[in-house]
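Here is a short briefing on one structure. Keep the 3D view open as you read.

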Amino acid sequence: MRSLIRSQLRAALTVALTLLLSVGALPLTFMAFDTVTEFDVLGIPAPWLILGVLVYPGLFGLGWVYIRQVERAERDFAELVQPDRADDG
Amino acid sequence: MNSTYGIVAVALVALLTLGIGAIGLRFSRTTSDFYVASRSVSPLWNSSAIGGEYLSAASFLGVAGLVLAYGADMLWYPIGWTTGYLMLLVFVAAPLRRSGAYTIPDFAQVRLQSMRVRQVASVLVVAVGWLYLMPQFQGAGLTLRTVTGAPTWVGTVLVGAIVVINVVSGGMRSITFVQAFQYWLKLTALLIPVFFLVHSWTDDGRPSPVAPDDWFTPFGGTDGPGLYLTYSVMVATFLGTMGLPHVVVRFYTNPDGRAARRTTLIVLALLGTFYLLPTVYGVLGRIYASDLVTSGRSDTVVLELPSRMLGGTTGEILAALLTAGAFAAFLSTSSGITMSIAGVIGQGLTRIERGTRLPLSTITALRIAAAGGILVPLIMALSAERIAVANSVTFAFALAASTFCPLLVLGIWWRGLTAAGAIAGMLAGGLCAGLAPVLTLAWRPDGWLGVLLGQPAAWSVPIGFGLMVGVSLLTRSSVPGNVSRTMVRLHTPEHIAVDRRD
């Protein structure tokens, strides 16, 4: 049981850390590197494109990866506890 | 602006909301129905409902207004409101569903076996709810004034009345239908005008927004408190979402923990799609309606753009559509919050009733609570000075992030949490994040003090977490005896047979 909780917590913390290092680092990046803020894509400044559009699919992707991970952990756990009916997870 | 279309739009949304609510009423008979739709809502319905409930006046009107006024830095608000769901997904969604709790106070009681914790959490639910309701009501007043010229209080009172009728008559079952419908209404209402507006902008030769440099780039004025503000908004919104009472209660309507996760993932997609749009309004607003900033009415930019850019009947019809969307936003969010406030007050009332032997059924208590619970924010909305909708919603997020976020995260993942620790953390975090908006509104301090009070989350959340952990460690001997069993219940998939008794 403890190992299941630990693996779920690890998955959650991985997502949180990824967020911190990606989205969380954006303000500092914008502040530190003028080249990023001055970069244009099709006339749209990079910060607007990143903050206004690109962040959202990124968040969805993170959530999707996380769900796959924790459901696999739950399946493994189910197999461990109830080997006879592990196929219904 | 010709007000006929606008009035028709508002009337239609109000009637549809009450109408769908009335249909739902036929299905909701038991108390369990009334509170949480008997836990039988599918992930897509449920996520539309969550989206409908979550996208408030702040999202529909506020974001565009902030982008119009302040530019790139404001894009953090919608990002934060979406990321909040990701945090909720990874830390809270499935275990909270598996806890079997209706509300945060229920969860606190299940986990910590303490009535005192339950009471503190109940008071905080009401406080967060009121802080969240006030800007919704103010936004409604503003919208109706913009569209029809009616005095501000009319819209405020109108929304309050519809919400009470809806909650009192139908309960959660009908609210799930209403909310799901309103997500799609809001998305459509914002999406269709965008095509017309962008087309008209292209015809105009695609003029660029005229604005000072710091509008275009994040932290234009690097020496200011911009970086602190951005990070504080991030802390409040990332961590506050999981503690909003109307968000949490929705997870109970999922059949199991797995469905709760899937629901949350769909919500991420729905929110991400929606939040692409307000930015477009904000930027176009900078080109065509920048005078709204100087006149302090930037929150109305979404409603004003069609008549300014297109004019004629097309403009009026699109403006009416946007008005309908805005009203859907006020109604859905306010209904959801009112419902959860009513749930908490109602549970309190029935408990008091047991002592005094008043003949009060659970559902009657819930109805009285709904009507009563809405009065305070209504009065606040009518009397308080208006600040930007999106800003004032952030106070509610900061309060939730400083109190319920530590309670939920530590309660779910840490065996060592004690009742005393939870109370200490919630009281301290709640006092810090709760007094900040009061002081800001009452006294408007300048300089860094004003900045710190205006966005308290960056310091109040660590205080809440710190005290909760610290006091729990000091009272280690009072860790609830059944903690291991509770943990098993929170984390084990439902289909595995384990001992789930309390």
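**Confidence**

- The predictor gives the complex an ipTM of 0.84 and a pTM of 0.86.
- Chain B has an average pLDDT of 81. In chain B, 88% of the residues score at least 70.
- Among the elements of chain B, the lowest mean pLDDT, 50, belongs to helix α2 (residues 31-36) of chain B. The highest, 90, belongs to helix α20 (residues 457-474) of chain B.
- Chain A has an average pLDDT of 76, and 82% of its residues score at least 70.
- In chain A, helix α3 (residues 34-38) has the lowest confidence, with a mean of 67. The highest is in α4(A), at 82.
- Where pLDDT is low, predicted coordinates should not be read in detail.

**The two chains**

- Chain B is built with 21 helices and zero strands.
- Of its 502 residues, 61% count as buried.
- Take the contacts in chain B between residues at least 6 apart in sequence. Of these, 83% join residues at least 24 apart.
- Chain A has four helices and two strands. From the N terminus on, its elements run α-α-α-β-β-α.
- In chain A, 30% of the 89 residues are buried.

**Where the chains meet**

- On chain A, 37 residues are in contact with 33 residues of chain B.
- On the side of chain A that touches chain B, the elements giving two or more residues are α1 (2-21), α2 (26-32) and α4 (46-81) of chain A.
- The most comes from α4(A), with 18 residues.
- By class, this side of chain A has 28 nonpolar, seven polar and two charged residues.

**Helix α7 of chain B and its ends**

- Helix α7 (residues 115-148) of chain B has 34 residues. From first C-alpha to last, it reaches 49 Å, close to the 50 Å expected.
- In α7(B), 27 of the 34 residues are buried, so this helix is largely enclosed by the rest of the structure.
- Gln113(B) is found in the loop between α6 (104-112) and α7 of chain B.
- Gln113(B) is not a glycine, yet it has a positive phi of about 55°. Most residues other than glycine have a negative phi.
- Just after α7(B), Gly149(B) also takes a positive phi, of about 80°.

**Helix α10 of chain B**

- Helix α10 (residues 226-240) of chain B has 15 residues and should span 21 Å at 1.5 Å a residue. Its end C-alpha atoms are 20 Å apart, which agrees.
- In α10(B), 11 of the 15 residues are buried, so this helix is largely enclosed by the rest of the structure.
- The buried residues of α10(B) include Val235(B), Ala236(B), Leu239(B) and Gly240(B).

**The nonpolar core**

- The largest nonpolar core has 185 residues. Helix α15 (residues 312-356) of chain B gives the largest share, 19 residues.
- Which residues have the most contacts inside this core? They are Ala401(B) and Ala422(B).
- Leaving out residues up to four places away in sequence, Ala401(B) touches several residues, including Val235(B), Ala236(B), Leu239(B) and Gly240(B). Ala457(B) and Val461(B) are also among them.

**Ala398(B)**

- Ala398(B) lies in helix α17 (residues 389-413) of chain B.
- Why does Ala398(B) count as buried? Ala398(B) has 32 C-beta neighbours inside 10 Å, and 20 or more are enough.
- Ala398(B) and Pro456(B) are 58 residues apart in sequence. In space, their C-alpha atoms are 6.7 Å apart.
- Not counting residues up to four places away in sequence, the contacts of Ala398(B) include Ala236(B), Gly240(B), Pro456(B) and Ala457(B).

**Val210(B)**

- Val210(B) lies in the loop between α8 (152-203) and α9 (213-216) of chain B.
- Val210(B) has 9 other C-beta atoms within 10 Å, so it is exposed.
- Val210(B) and Ile287(B) are 77 residues apart along the chain, while their C-alpha atoms are separated by 6.4 Å.

Terms used: Residues numbered from 1 in each chain as written. Chains lettered and ligands numbered in written order. Predicted model: local features only at pLDDT ≥ 70, side-chain atom pairs only at ≥ 80, totals over all residues. pLDDT = per-residue confidence, 0-100. Contact = placed C-beta atoms within 7 Å. Nonpolar A, V, L, I, M, F, W, Y, C, P; charged D, E, K, R; others polar. Expected span 1.5 Å × (residues − 1). Buried ≥ 20, exposed ≤ 12 C-beta atoms within 10 Å, placed from the backbone. Core = buried A, V, L, I, M, F, W, Y, C linked by C-beta atoms within 7 Å.
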